[in-house]
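The text below goes through its pockets, its cavity and the confidence of the prediction.

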Amino acid sequence: MSAEPVPSVEEFRHVSPLRRAWVLFWAYVRITSLVIGGGYAIIAAAQDEFVRRRKWLTEDDVLEMITITQTVPGILATNSAIYVGWRIGGYAGAFAAMIGSILPSLVIIILIAAGISSIQSTIDTPAVQGAFKGIIGCIVGMVIVTALKMRRKAVVNPFGWIVACGCFLGLTVFKVGPAWLIVCSIAAGLAKVAVDRIVARGRAKQEAER
């Protein structure tokens, strides 16, 4: 049996707002119910769902999403869901995607909290601890793949490499907080734009004088 055809993003935007909201809600319920590993793992799953399978977003959209959601307060997975929902379905889509990203985790956490005392001995068994270690390894791999995909789009010139390496050293060697690294990176980007404009004006002036 052939799979149901996926409508293009233009076709999807012409369906009713309620239908768009339901599709986005259910997509994020499935993603957050099945994906383990937090924000970056969910972003990788959302990228596969909305970029590769449905083709409703592009790799540039995902890069923009990560940039924006990393610079605002809040949970990365929820922020990214709001962004995706808004880009695809407007305000109703943003709300539906947000609820879809929160609901499964909320239900699971409540169930775990209610029964943690009775399952603690099971969690401490070697088999379960081994499963957790395997999950952690999988999560690391998914985060690395997401980072490599971002690198192809974001780090394309010497300036990008300088900022990326500087932030890496700041986190690993000098233990600088992520917020300060983001602020410094924004300042570096603004400074580069200003320098590029000054250089361009100087070249234009030289060309005019010739």
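**Pockets, cavity and confidence**

The largest share of the lining of the largest pocket, ten residues, comes from H7. Helices (H or I, at least four residues) are DSSP runs, numbered from the N terminus. A pocket is defined on a 1 Å grid over the protein atoms alone, as an open set of points with protein on both sides within 12 Å along at least five of seven lines, and a cavity is a set of points where a 1.4 Å probe fits but cannot get out; lining residues have an atom within 4 Å of a point.

This is a predicted model, in which local features need pLDDT of at least 70 and side-chain atom pairs count only at pLDDT 80 or more, while totals for chains, interfaces and linings use all residues. Residues are numbered from 1 along each chain as its sequence is written, and side-chain values use heavy atoms, with hydrogens and water left out.

The largest pocket holds about 1400 Å³ of space; a volume is the space filled by probe spheres set on the grid points, which are joined across faces, edges and corners. Its lining has 32 residues, and Met150, Ala154, Val163, Ala164 and Cys167 are the closest to the pocket centre. Two or more lining residues come from each of helix H4 (59–70), helix H6 (126–154), helix H7 (158–172) and helix H8 (178–209). By class, the lining has 21 nonpolar, nine polar and two charged residues. Here Ala, Val, Leu, Ile, Met, Phe, Trp, Tyr, Cys and Pro count as nonpolar, Asp, Glu, Lys and Arg as charged, and the others, Gly among them, as polar.

The second largest pocket has about 510 Å³ of space. Of its 16 lining residues, Ile36, Ile108, Ile109, Ile112 and Phe132 lie nearest the centre. Helix H2 (17–34), helix H5 (76–123) and H6 each give at least two residues to this lining, with the largest share, seven residues, from H5. Eleven of the lining residues are nonpolar, five are polar and none is charged.

The structure has one cavity of 30 Å³ or more, and the largest cavity has a volume of about 40 Å³. The residues that line the largest cavity are Gln47, Glu59, Val62, Leu63, Lys149, Met150 and Lys153.

How confident is the prediction in the protein chain? The average pLDDT (the predictor's confidence in each residue, from 0 to 100) is 87, and 97% of the residues score at least 70. Confidence is lowest in helix H1 (residues 9–12), at a mean of 80, and highest in H7, at 93.
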